[in-house]
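Me: I'd like to go through this model strand by strand. Can you take my questions one at a time?

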Amino acid sequence: MDKLKNYALLLCTLLFSLSFAACDDDEPEVKSNIPAALIGTWYYAENNYVTFNSDGTGSWTLPTDSTTTNSYPFTCTYVDSTKTLILVYEGVTNEFTLTSVSSSKLVLTNKNGRVQSYYKNVADIEPQYSIADLIGTSWGWANTPYLTFNADTIVTYLASDGNTYTARFAYDAETGAVYFPHNGKTLLYLVDIIGDAIYFKTENANKEMLLSSFFTILDEWSIADISTLVGKTWYIADSGTEVILTFNSDSTGKLIQTEKGDVEAEDFTYTYDATTKILILDTHDGDPIIATLYHLSDTRLVYYIPNNVYEGDSLWMEMIAL
């Protein structure tokens with residue numbers, strides 16, 4: 001697979017493992033019981049791979065840019081009765097079902113049903129999606145469609161000038177490029193499709209390739225019980241900035257933001273008023289984030305921030321549960 005494609009794929013695996021960090025030296029020793037077939041290194045993409053050791057430790061290796069990587073150690077235990085892998089990093093626990101493992105392929109499923117395949121050899125990596133997965137769906141933000149792909153290779157898109165245009169498109173599976181053949185202009189580079197979200201790269205004025213998200217358009221918005229936030233990893237990528245939110249049942253949580261390889265993590269407490277639909281995240285280090293909830297389900301979170309956080313911009317935020 002093309003090196004650019006591999007790098008694109010690994011950015012989306014970051015959704016599951018961004019907050020890996022070195023384990024505390026004072027943590028008790030973990031006795032290993034993970035299956036012998038799991039021991040070794042498994043590749044999701046060329047520079048994105050996970051290693052399981054026989055002593056119950058391991059590491060996830062991820063890129064910091066197009067040429068360098070970082071490795072994030074974790075501890076791992078295995079529950080044979082449920083085929084559950086439990087990975088612990090920086091006090092955060094992630095669980096995966098060991099769906100299958102052979103001498104050449106490892107398949108893991110996360111708590112929300114997301115299936116990921118890993119391979120012993122980089123050359124065996126298979127694409128996780130195709131352009132057909134986009135056809136017939138409108139993708140956008142906050143119920144505003146930005147892209148609609150049709151089976152007749154016509155795409156309707158909302159341009160930066162605020163107008164909507166249609167054009168014939170082509171797709172290059174090697175690079176993920178969705179482009180216009182008549183002028184050779186690339187609209188975007190498709191990275192991955194995860195449930196109701198697509199992840200893609202676009203080039204900014206500085207020639208940087210930035211990761212962003214679009215979501216399927218919701219026919220109806222509704223708000224489930226606020227406890228639906230708990231036990232999930234909520235993720236968004238926008239113009240190269242990636243944000244992860246995790247909520248705990250004791251009204252605490254963690255915000256992790258990554259921009260150009262720089263990672264900032266903040267703990268917060270949160271409150272929610274079901275009457276006003278106001279969700280407040282208080283990091284106790286600056287102004288709280290005050291947001292109005294518009295939609296909350298097991299897989300989607302949509303809210304609006306009207307005040308001066310994020311450099312004075314009011315903005316919609318839409319996140320996917322991983």
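Predicted model: local features only at pLDDT ≥ 70, side-chain atom pairs only at ≥ 80, totals over all residues.

Me: Moving on to β5 and β6, which residue in the turn has a positive phi?
Reply: β5 (residues 84-89) and β6 (residues 92-101) pair in the antiparallel sense over six bridges, and Tyr 89 has Val 92 as its bridge partner in β6. Two residues sit between the strands of this hairpin. The one with a positive phi, about 50°, is Glu 90.

Me: And how many residues does the hairpin from β6 to β7 run through?
Reply: β6 is joined to β7 (residues 105-110) by five bridges, and the two run antiparallel. Val 101 stands opposite Leu 106 in β7. As for the hairpin that joins β6 to β7, the residue count is three.

Me: Now the open sheet: which strands stand at its edges, and why is one side of each left without a neighbour?
Reply: Nine strands make up this open sheet, ordered β12-β11-β10-β9-β17-β16-β15-β14-β13, with antiparallel pairing. The two at the edges each have a single partner strand, so one side of each has no neighbour in the sheet. Those edge strands are β12 (164-168) and β13 (170-172).

Me: How much does the twist average from one strand to the next in that open sheet?
Reply: We're still on the sheet of nine strands in antiparallel pairing. Going from one strand to the next, the twist averages 35°.

Me: Inside that sheet, what is the bridge partner of Glu 203 in β17?
Reply: Look at β16 (residues 197-203) and β17 (residues 209-216), which pair antiparallel over seven bridges. Glu 203 belongs to the pairing with β17, where its bridge partner is Met 209.

Me: Which residue in β25 does Tyr 235 stand opposite?
Reply: The strands to look at are β18 (residues 233-238) and β25 (residues 315-321), which run antiparallel and are joined by two bridges. Tyr 235 stands opposite a residue in β25, namely Ile 320.

Me: How far apart in sequence are the parts that the pair Arg 300 and Asp 196 ties together?
Reply: The structure holds five salt bridges, and one of them brings the side chains of Arg 300 and Asp 196 together at 3.3 Å, N to O. Arg 300 is in strand β24 (residues 300-305), while Asp 196 is in the loop between β15 (185-194) and β16. The parts this pair ties together therefore have a sequence separation of 104 residues.

Me: One last thing, about the negative surface patch: which strand gives the most to it?
Reply: The patch is formed by Glu 259, Asp 262, Glu 264, Glu 266 and Asp 285. Asp 262 lies in strand β21. With three residues, the strand that gives the most is β21 (residues 262-273).

Notes: Residues numbered from 1 in each chain as written. Heavy atoms only, no water. Pairing = 2+ DSSP bridges. Helix = DSSP H or I, 4+ residues; strand = E, 2+ residues; numbered from the N terminus. Patch = residues over 30% accessible without salt bridge, like charges linked within 9 Å, V, L, I, M, F, W, Y side chains within 5 Å. Areas by Shrake-Rupley, 256 points an atom, 1.4 Å probe, with all protein chains shown as cover. Salt bridge = Lys/Arg side-chain N within 4 Å of Asp/Glu carboxyl O. Lys, Arg positive; Asp, Glu negative; His and termini not counted. Charge placed at Lys NZ, Arg CZ, Asp CG, Glu CD. Axes fitted to C-alpha atoms, helices over the stretch in contact; angles between N-to-C directions.
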